Amino acid sequence: MYRRRLTSLPLFFSHFHQVKRADQLKIYQAFSTEIINPVESESSSTRNSPYVAFVLGGPGSGKGTQCLKIAETFGFEHIGAGDLLRKEMYSSTEEGAMIQKLMREGSIAPSEVTVKLIQKAIESAENRKFLIDGFPRSEENRTAYERIIGAEPNFVLFFDCPEEVMVKRVLNRNEGRVDDNEHTVKERLKVYKAVTLPVVNHYAKKGKLYKVDGTGTQEEIFERVRPIFSSLSSLV
């Protein structure tokens, strides 16, 4: 379908200094935000393709709140993978019935189903700038997306947050979810570390990862995010 490369951000890079980690990956730091191995800018021929950012982080990392702020401030379409599945589940489609059945059995929807819902949401939107919130959760999700869509994301926004902070936030958010208890949250974090962090590491090695410090207030975190999207505004 469409192929993309991550846009380089010359305005943003003027604020960085370069350091090295033990694994020899280069990290560019500014305002508590890291960009791992930034790749070259996209060609003008890709400008009309959808511009996609995956947004990842553990439960309680604040990624959902920040997605709303990014969408409102910079005009991105916010697509929640979980929201798409829940919406489809209550539809009268064959896929919806399958998702309901899987949920009753305690299973998860196949990666292909989630990717096709994301693809449909992108293709039906008037916007061409997208935040895909909470996806991909696994390497299987990632490879399914790249195979079906035929492209990688332009970049990945990762909210890095200590476990104790995430646990405290989830327990304090009082959303009435039955799985918002300390034991269950810690189990979810174990799964997140085992299954989702390999996806984060994959995109770090490919130079597509923005790592944002997820501690502090919503406003403080957004001020770390703002320079990334401000630099994109003239290029997307």
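A: Angles here run from 0 to 180 degrees between N-to-C directions, and axes are lines fitted to C-alpha atoms, for helices over the stretch in contact. The model to which this is applied is a predicted one.

Q: Why are α3 and α5 called roughly perpendicular to each other?
A: Helix α3, residues 81-89, and helix α5, residues 111-124, pack at an angle of about 95°, with axes 10 Å apart. Angles of 65 to 115 degrees count as roughly perpendicular, and α3 and α5 are therefore given that description.

Q: What makes up the contact of α3 with α5, in nonpolar, polar and charged residues?
A: On the α3 side Ala81, Leu84, Leu85 and Glu88 take part, and they meet Val113, Thr114, Leu117, Ile118 and Ala121 of α5. These residues divide into 7 nonpolar, 1 polar and 1 charged; Glu counts as charged, whereas Ala, Val, Leu and Ile count as nonpolar.

Q: Which residues touch the most other members of the largest nonpolar core?
A: They are Phe54, Ile132, Phe135 and Tyr145, in a core of 38 residues. Elements that each supply at least two residues of this core include α3, α5, β4 (51-57) and β6 (129-133), while α8 gives the largest share, 7 residues. Membership requires buried residues, and buried means under 20% relative accessible area.

Q: What share of the chain counts as buried?
A: By the cut-off of under 20% relative accessible area, 47% of the 236 residues count as buried.

How values were computed:
Residues are numbered from 1 along each chain as its sequence is written. This is a predicted model: local features need pLDDT of at least 70, side-chain atom pairs count only at pLDDT 80 or more; totals for chains, interfaces and linings use all residues. Side-chain values use heavy atoms; hydrogens and water are left out. Helices (H or I, at least four residues) and strands (E, at least two) are DSSP runs, numbered from the N terminus. Angles under 35 degrees count as roughly parallel, over 145 as roughly antiparallel, 65 to 115 as roughly perpendicular and the rest as oblique. Contact means heavy atoms within 4.5 Å. Buried means under 20% relative accessible area, exposed over 50%, partly exposed in between (1.4 Å probe, protein chains only). A nonpolar core is a set of buried Ala, Val, Leu, Ile, Met, Phe, Trp, Tyr and Cys residues joined through side-chain atoms within 4.5 Å.
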